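Let's take a walk through this structure together.

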Amino acid sequence: MYKIEKSSELSMISREIRNVQKRTIGFVPTMGALHEGHLSLIRFSKEKSDFTIASIFVNPTQFNNPEDYTHYPRQLEMDIQLLEEAGCDLVFLPTYDEIYPEGTSRLPHYELGYLETIMEGKHRPEHFQGVCQVVHRLLSIVEPDYLFLGEKDLQQCKVIEHLIKLTGLEDKMRLIICPTLREQDGLAMSSRNLRLTPEQRKSAPLLFKALSELKAGFGAADYPKLKANLLNHLQQHSFEVHYLELANSDTLEILNGWNLQVSNTACIAATIGKVRLIDNIRLFSKGE
Ligand code: AMP
């Protein structure tokens, strides 16, 4: 596996692979502290593309909470080993200066509209601007044919889908959204799970359980009542719930109740102690 730190070097390699060798490139951007969820994206990429590139960069501009950035888990050596074992072809390990050569004070603003006003957008001001800044930069360096993202961060997937259109990259690359990998007890795999105390780790699957109860009640239960009960239950188990929403799976428009005219996804974000976790599950797929 190649390990590349310089953007200019990666651009050169990527052009050689695409234009000279005529091979397709799959790209998996990450912030490291890799787990099976990340590695599943590498496997999807290997299946679909000829050459797989991963990146590891803990992007400061997407952290609205400085403490979250400082405590974000970092385990570079182990990550490199995991990527090597998964058969990744190249890992990009840029420094801050490689991503933000002109600093971060005059970065572009992206028009994200409605997507930035709900759920993660509402609760983490500027977060999606930071996501777009880093992803736009990475895409311009790597120029992949396929971009692999995890559905666990569904709103992020929608934001990046929008970014691809906004920046005219639609014809050049395809976004592939991959399913969420979970621990045996249902907890969505996340780098932040490493920060949970044993006690918090025991409670953490309650988020998935709440989403599963919405799925079980879909179309039949009284939605506002069920939602209120679930919020109450989570609060009793020391969660501070930032939101629990029912959304149109395609547009993420917030729904006030079950809606059989569109696909429905339930989304949740909550902190337990100092750790913020998010998750979502599809409750209903229209046309199935
Ligand atoms: P991160 O390192 O958290 O920025 O995540 C990098 C990529 O891995 C993103 O596209 C995430 O959506 C994806 N990802 C994170 N957790 C999971 C999971 N449990 N299952 C599948 N993909 C995931």
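Start with the ligand and look for Gly150: a polar backbone atom of this residue sits 2.9 Å from an oxygen atom of the ligand. Keep in mind that this is a predicted model, and that the distances here are computed from it. In Asp153, an N or O atom of the side chain is 2.6 Å from a ligand oxygen atom. In His38, a polar side-chain atom lies 2.9 Å from an oxygen atom of the ligand.

Now take in the surroundings. On its own the ligand has 490 Å² of accessible area, and the protein covers 93% of that. Strand E2 (25-30), helix H2 (36-48) and strand E5 (146-150) are the elements that each put two or more residues into the shell around the ligand. Helix H2 has the largest share, with 3 residues. There are 15 residues around the ligand, and those that come nearest are Met31, His38, Asp153, Leu181 and Met189. By type, the shell has 8 nonpolar residues, 6 polar ones and 1 charged one.

Searching the whole structure turns up 1 cavity of 30 Å³ or more. How much space lies in the largest cavity? The volume is about 60 Å³. Its lining includes Lys152, Leu187, Ala188, Phe208 and Asp279. Helix H10 (206-217) and strand E10 (275-284) each bring at least two residues to this lining, and E10 gives the most, with 3 residues. Sorted by type, the lining residues of the largest cavity come to 8 nonpolar, 2 polar and 2 charged.

Finally, have a look at the backbone. Most residues other than glycine have a negative phi. Ala33 has a positive one, near 50°. Is Ala33 buried or exposed? With a relative accessible area of 3%, Ala33 counts as buried, because the cut-off for that is under 20%.

Met119 is another residue to check: its phi is positive, about 45°, although it is not a glycine. Met119 belongs to helix H6 (residues 119-123). Its relative accessible area is 5%, so Met119 is buried too.

Notes
Residues numbered from 1 in each chain as written. Predicted model: local features only at pLDDT ≥ 70, side-chain atom pairs only at ≥ 80, totals over all residues. Heavy atoms only, no water. Near = heavy atom within 4 Å. Polar contact = N/O pair within 3.5 Å; in protein donor to acceptor, adjacent residues only side chain to side chain. Areas by Shrake-Rupley, 256 points an atom, 1.4 Å probe, with all protein chains shown as cover. Helix = DSSP H or I, 4+ residues; strand = E, 2+ residues; numbered from the N terminus. Nonpolar A, V, L, I, M, F, W, Y, C, P; charged D, E, K, R; others polar. 1 Å grid on protein atoms, 1.4 Å probe; cavity = no way out; pocket = protein on both sides within 12 Å on 5 of 7 lines; lining within 4 Å. Points joined across faces, edges and corners; volume = space filled by probe spheres on them. Buried < 20%, exposed > 50% of the residue type's maximum accessible area, 1.4 Å probe, protein only.
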